[in-house]
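Hi,

Here is the structure I said I would pass on.

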Protein chains: 2
Amino acid sequence: MSTPAGPAGEPAPGSRPRGIAFLLSQVGAHAAQRFAERVGELGVSPSDVGLLRLISAEPGRSQRSLAEDLGVVPSRVVALVDALERKGLVERRRSPRDRRNQELHLTAEGARVMAAMPSLAPAHEDEICAPLDREQRALLASLLEALAAHHALAPGVHPGYRRPSS
Amino acid sequence: MSTPAGPAGEPAPGSRPRGIAFLLSQVGAHAAQRFAERVGELGVSPSDVGLLRLISAEPGRSQRSLAEDLGVVPSRVVALVDALERKGLVERRRSPRDRRNQELHLTAEGARVMAAMPSLAPAHEDEICAPLDREQRALLASLLEALAAHHALAPGVHPGYRRPSS
DNA sequence: TATTGTTATACTCTATAACTATA
DNA sequence: TATAGTTATAGAGTATAACAATA
C-alpha cells in the first residue's frame, strides 16, 4: 500500500488519509473511463451499452419507461435512441395497440454488440482488479455490493445518466 | 447483501455477478454526485474544489503546471480559473520574474471555502460508508488504496478532469 | 384532457486552433 | 523562435418548453 495510514484504519497522526468516498469516485471514474475506451472499439459508448442492456432485457419497452428507469427526461431518451438507431443497433416500431408508443427492439447488429460484451468484460474486470488476489476481490465485491444496496443503486443502471446536480 | 452470490465470491451457478468494475464506477459516481450536492451548498463545484486544493497546496503555481497535473489543455484551465476568479476565490497575479506567467493565489474567501472542507468531509464519508462498520471501512480503504496506487492515480487528482475518451 | 414522443432552443463542458504578450 | 496564457470557435451532452399525434 502506498500511503502512510495506520494498520487498521487509524489515521497515522498528522496525516489526513484519503477518504473512502474520494477513492471510490476516483477509482470508479478510472474504471468507467477504461470501459469507455474498450467499448469504444466496438463503436459504442457506455451509455449506448446501458441502453442496449435495458432493451435486450425487455424487448419492446417504451421510451417513457426507459426515461423513468434511467432517471432522465423523455427528450433525452429521444437523443439516446436516435444515436442507437443511427448506428443500426436498435429499431423503433410504433406499437399497434397504442400508436403513441414506440416499441424498442435490438437489431441483429445490436444483438451482436451485446453478445460481444461477455467476452470483453473479464479482461476489463481483470485489468481493474489487477493488484488484488482472488480473496481480496471477493471481499471488495461484497463491500461494494453492500454500498450499492444501501444507496439503492439498481443492478444495471449507472447514475451517470442522471444530471450531476444543479 | 442483496444479490445472490456465493459466500466467498464464487458466482452462484447461473447468475452473472455484477462485476467489480461496474460496481466501482456505479458507487463512485454516486459518491461524486453526493459530494457535488454538498459542496454546491458552499457555492462551488467539485472541479472548483480540486483546483482550490492544488492551489492552496502550492500557492503561486502557474496555470500551465495545473494543466499538466490535471491532464487537460491550458485553455481549459483558463475557464476553470475564470470561474474561481468570478466567484472571488482565487486571484491571478502576473509573475514579476516572468511576466508571461500567472501566479495563482487563494483569496481570503477562497481560504475560507477550503477551511470549510474538513468539517464537511466526515459527514460525506459517513453517509457513503453508512452500512459498513469500522473494520469493514478500514478494509475497503486499503483495497481501494491498492487499486489507486496500481493505476497510478495521484492522491488529490480526480480523473474526471480528463476527457472521457474519444 | 392526458400521454408519448418529438422538435426547438439554450446552456454547459471541453477541445482545437489562432492569436497576444513576453522571453 | 518558443512559451504562458487567452480568445474564437465548434461539437457533445443535457435540460426546458412548446408542439403533434394519439388516446
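Before the numbers, one term: buried area is the accessible area (1.4 Å probe) that two parts lose on being put together, summed over both. Please also keep in mind that this is a predicted model.

With that in hand, the area buried between chain A and chain B comes to about 5,600 Å², and carbon and sulfur atoms give 69% of it. On chain A's side, A:I20, A:L143 and A:E145 stand out: they supply 12% of the area that chain A buries against chain B, more than any other three residues. The contact draws 62 residues from chain A and 62 residues from chain B.

Which elements of chain A give two or more residues to the side that touches chain B? They are α1 (20–40), α5 (108–128) and α6 (134–150). Sorted by class, that side of chain A has 33 nonpolar, 17 polar and 12 charged residues.

As for specific pairings, the count of salt bridges between chain A and chain B is zero. Polar contacts do turn up across the interface, in 12 residue pairs with both residues at pLDDT 80 or more.

Now the symmetry. Chain A can be superposed on chain B by a rotation of 180 degrees with 0.0 Å of shift along its axis, at an RMSD of 0.0 Å. The two copies are therefore related as by a two-fold rotation axis. The residue of chain A that comes closest to the rotation axis is A:G28, with its C-alpha at 2.4 Å. Also, 100% of the interface residues of chain A are interface residues in chain B too, so the copies meet through the same surface.

Cheers

How values were computed: Residues are numbered from 1 along each chain as its sequence is written. Chains are lettered from A and ligands numbered from 1 in the order in which they are written. This is a predicted model: local features need pLDDT of at least 70, side-chain atom pairs count only at pLDDT 80 or more; totals for chains, interfaces and linings use all residues. Side-chain values use heavy atoms; hydrogens and water are left out. Contact means heavy atoms within 4.5 Å. A salt bridge is a side-chain nitrogen of Lys or Arg within 4 Å of a carboxyl oxygen of Asp or Glu. A polar contact is a pair of N or O atoms within 3.5 Å; within protein, one must be able to donate a hydrogen and the other to accept it, and residues adjacent in sequence count only if both atoms are side-chain atoms. Helices (H or I, at least four residues) and strands (E, at least two) are DSSP runs, numbered from the N terminus. Ala, Val, Leu, Ile, Met, Phe, Trp, Tyr, Cys and Pro count as nonpolar, Asp, Glu, Lys and Arg as charged, and the others, Gly among them, as polar. Copies are superposed by least squares on the C-alpha atoms of residues with pLDDT of at least 70 in both.
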